[in-house]
Amino acid sequence: MLIRPKEGILDPQGKAVERALPALGFEGIEHVHVGRMVELEAESPEQLGELCEKLLANTLIEDYEIQTL
Amino acid sequence: MIWGVLQFPGSCDERDALHACEVHGDGARLLWHESRDLDGVDGVVVPGGFSYGDYLRAGAIARFSPAMEAVAEAAAGGMPVLGICNGFQVLCEAGLLPGALLRNVELRFRCHQVELIEEGTGERLSIPAKHGEGRYYAPDALLDEMETNGQIAYRYAEGHNSNGSVRDIAGVTNERGNVLGLMPHPEHAVDPLTGSTDGLRVFERMSGVAA
């Protein structure tokens, strides 16, 4: 599960990373957002949406994306 | 009024909250997070700290505790519930209060005395604030609705909104007004020894809700 700040919500952590990049010689990088990734093994992946809604993400401020491997 | 103060693993302000409740009310007791029994108290404080290590998001795990289930039921019945700092985060995560608390805009943990203005009365309160995730956020449409309903309880006075909260919001209530959450710490401002007793007014407001 990838969980990231919702579009339009100020993400100071992403901004701080973005501001550090030119000093390291990385140019032309914009719109940095820092989220988190949750890895897990699930017997029935169909319940993962509900898991994100109820616990892993706060959908008022975060979007989530489920990737099954 | 008898107060109960919740105690989670990682709470750190429950002793001061207990003391503030004793100064303000007719007694206070700690309530352990694993118990659903609120022990007959008339109001509950969800205190500051770092409940369950603030893992995942601040307050995200604490809201599933048996004590919080009991608090949600009691709040639905009209019991006064005061969430301070981490307690405010817990109440938002639990859906008892609207909105969410995000990382401070400057990414710094801030610890200083702040001036608050009580919405409606215009009263000015000086109480300490100390948090890293205190930037109140709610979508504009929700904020408009809250303003109409009178759910904004406290705003930071001009120059005191150091965390970047929308519309300078420091504290909000539910629609009914019996659940209040705020980031600054009224329980640390109940004795002249520490510079201000303005925090007591927040406890008085909550006992007014009970009556």
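What does B:Ser51 touch, not counting residues up to four places away in sequence? Select B:Ser51 and find out. The residues touched are B:Phe8, B:Pro9, B:Gly10, B:Gly59, B:Ala62, B:Asn86 and B:Val90. Contact here means heavy atoms within 4.5 Å.

**Before moving on**

This is a predicted model: local features need pLDDT of at least 70, side-chain atom pairs count only at pLDDT 80 or more, and totals for chains, interfaces and linings use all residues. Residues are numbered from 1 along each chain as its sequence is written, chains are lettered from A and ligands numbered from 1 in the order in which they are written, and side-chain values use heavy atoms, with hydrogens and water left out.

**Stop 1: B:Ser51**

Stay on B:Ser51. This residue lies in the loop between β3 and α2 (66-76) of chain B. Helices (H or I, at least four residues) and strands (E, at least two) are DSSP runs, numbered from the N terminus. B:Ser51 is buried, with a relative accessible area of 2%. Buried means under 20% relative accessible area, exposed over 50%, and partly exposed in between (1.4 Å probe, protein chains only).

**Stop 2: helix α1 of chain B**

Select residues 14-24 of chain B, which make up helix α1. Then highlight B:Glu14, B:Ala17, B:Leu18, B:Ala20 and B:Cys21, which are buried. They sit on the same side of α1(B), because they cover an arc of only 165° around the axis. The arc is that of the directions from the helix axis to the C-beta atoms. An α-helix has 3.6 residues a turn, so residues three or four places apart point the same way.

Now show what covers them. The cover includes β1 (2-7), β2 (27-32), β3 (43-46) and α5 (199-210) of chain B.

**Stop 3**

A salt bridge is a side-chain nitrogen of Lys or Arg within 4 Å of a carboxyl oxygen of Asp or Glu. Over all chains, the count comes to 21 salt bridges.

Select B:Lys130 and B:Asp13. Their side chains meet in a salt bridge, 2.8 Å from N to O. B:Lys130 is in strand β7 (residues 124-131) and B:Asp13 in the loop between β1 and α1, so the pair ties together parts of chain B that are 117 residues apart in sequence. B:Asp13 is buried, at 5% relative accessibility.

Go next to B:Arg201 and B:Glu123. The closest N and O atoms of this salt bridge are 2.2 Å apart. B:Arg201 belongs to helix α5 and B:Glu123 to the loop between β6 and β7 of chain B, so parts 78 residues apart in sequence are tied together. B:Arg201 is partly exposed at 25%, and B:Glu123 is partly exposed at 32%.

Now pick B:Arg155 and B:Glu119. Their salt bridge spans 2.7 Å, N to O. B:Arg155 is in strand β9 (residues 152-156) and B:Glu119 in the loop between β6 (110-118) and β7 of chain B; the pair links distant parts of the chain, 36 residues apart. B:Arg155 counts as buried at 16% relative accessibility, while B:Glu119 is partly exposed at 34%.

Together with B:Glu119 and B:Arg155, they are linked in a network of salt bridges.

**Stop 4: B:Glu175**

Select B:Glu175, in the loop between β10 (169-173) and β11 (179-182) of chain B. This residue is exposed, with a relative accessible area of 63%. B:Glu175 touches B:Asn149 and B:Gln151, not counting residues up to four places away in sequence.

**Stop 5: where the chains meet**

Show both chains. How many residues does the contact take from chain B and from chain A? It takes 17 from chain B and 14 from chain A. The two chains bury about 1,300 Å² between them, 68% of it on carbon and sulfur atoms. Buried area is the accessible area (1.4 Å probe) that two parts lose on being put together, summed over both.

Select B:Leu56, B:Arg57 and B:Leu107. In chain B these lose the most area to chain A, together 38% of what that side buries. The count between the chains is 1 salt bridge. B:Arg57 forms a salt bridge with A:Glu62, with the closest N and O atoms 3.8 Å apart.

**Stop 6: chain A**

Finish on A:Glu41, in the loop between β2 and α2 (48-56) of chain A. A:Glu41 is exposed, with a relative accessible area of 81%.
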